[in-house]
Amino acid sequence: MICNDLSIALAPILARYDKNQIVVVYDQNITLPTDVAGLASHSVYGLSVSETAKSLETVSLVWDFLFEKGITRRGLLIAVGGGILTDLCGFAASTYKRGIDYVNIPSTLLAMIDASSGGKTGFNYHGLKNSIGLFAPPVATLIWPQWLRTLPPQQFLCGFAEMLKTGLIADQCLWSRLLQYDLDTMDIDALTPLIRDCVAVKEQIVAADPREEGIRKTLNFGHTFGHALEELSHTQATPLDHGYAVLYGMIAELYLSVVKLACPKEPLQQLTQLMLHAYGKPQCKCSDRDPLIALMQQDKKNEHAEEINCTLLQAVGQPLINQLITPQEAAEAIDYLFSI
Ligand SMILES: NC(=O)c1ccc[n+]([C@@H]2O[C@H](COP(=O)([O-])OP(=O)(O)OC[C@H]3O[C@@H](n4cnc5c(N)ncnc54)[C@H](O)[C@@H]3O)[C@@H](O)[C@H]2O)c1
Ligand SMILES: [Zn+2]
């Protein structure tokens, strides 16, 4: 639910629980507004989040807090923060006493668009991202775009990359509206209807395929190359944010869509322009090409060893899942991306 007034949206949900059975876990980097639905007057726990702290240890801190506050199976956990916090809290709530209700209040654009809906929860384990987790949807996700006022521009752009992905897989109209959005001003009011429509696309896809067996894989557009770029960058001096990696991944996958599926060139040209204007070029070297291909061959989305599985587009709004690409084709797409 997108809300102008978080208090009004939250009040009917809170009314369903005993006041002493409600806890709030929030990201310490944000300030909990004291005037919102008495949020700050409940039992509150501030967590320090990072990908390295997206761990079993942090999940157990949340469990400990729930025990300490005497939360029963009729309790409610409200998670306020970015995708790391909502993923962790969703997992902690869904496993505590075999599962209690939780509400997501995402505070980053990426969490609003992607992480806080769709029911995936979890944490990193043995260095593998999100390798332990559950599908366990929240009872509600309340999107209050005013959080974005304090979000650093780089984080804003990360979320916007996932919105661009949604537009590309959904339809030409949404894609065109996203291209018209002014990334120089990052106006929140102009963004709000776009957030609403992108979330609606994700919700529809997830409702049709909650366990990612078919159409939900379209949401992975840009992510085969994107994950490899992100992973490789973390072994180098300049780690790449997920959203930037996905944007670069979409350029590589749009290139392959043109070459292999005769997708029109226009979306590739439009996304390339937008990248140059707002995100900048990827900082990669020719010697990165082979490690990137090796990482893509190990991707957990592949059903057979060595093959590279991608979602590609026949046109904007016409994604095709399970497209197999050869290492040579992958190399060509990487060369294209690095040559821009
Ligand atoms: N469950 C899913 O379906 C799903 C989908 C996509 C991503 N994810 C997960 O989401 C995570 C990334 O989420 P993210 O990009 O929100 O990262 P994040 O949670 O790390 O937040 C990014 C940064 O912004 C800060 N922050 C949060 N809200 C803020 C605000 N309003 N103002 C200023 N700073 C603020 C955070 O403290 C953090 O430093 C990853 O762990 C990823 O695996 C999950
Ligand atoms: Zn993503």
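Strands β8 (residues 308-315) and β9 (residues 318-325) run antiparallel and are joined by six bridges; strands here are DSSP runs of E with at least two residues, helices are runs of H or I with at least four, and both are numbered from the N terminus. Two strands count as paired if DSSP finds at least two bridges between them. Leu-312 has Leu-320 of β9 as its bridge partner. Two residues separate the strands of this hairpin, and Gly-317 in the turn has a positive phi of about 85°.

This is a predicted model, where local features need pLDDT of at least 70, side-chain atom pairs count only at pLDDT 80 or more, and totals for chains, interfaces and linings use all residues. Residues are numbered from 1 along each chain as its sequence is written, and side-chain values use heavy atoms, leaving out hydrogens and water.

On α2, Thr-58, Val-59, Val-62, Phe-65 and Leu-66 are buried (under 20% relative accessible area; exposed is over 50%, partly exposed in between, with a 1.4 Å probe and protein chains only). They sit on the same side of α2 because they cover an arc of only 115° around the axis, taken from the directions from the helix axis to the C-beta atoms. Glu-57, Phe-67 and Glu-68 are exposed on the other side.

Just after α2 comes Gly-70, with a positive phi of about 65°.

## Cysteines

You'll find zero disulfides here (a disulfide being a pair of cysteine sulfur atoms within 2.5 Å). The sulfur of Cys-263 is too far for a bond, because the closest cysteine sulfur, in Cys-310, is 13 Å away.

Definitions and conventions:
Chains lettered and ligands numbered in written order.
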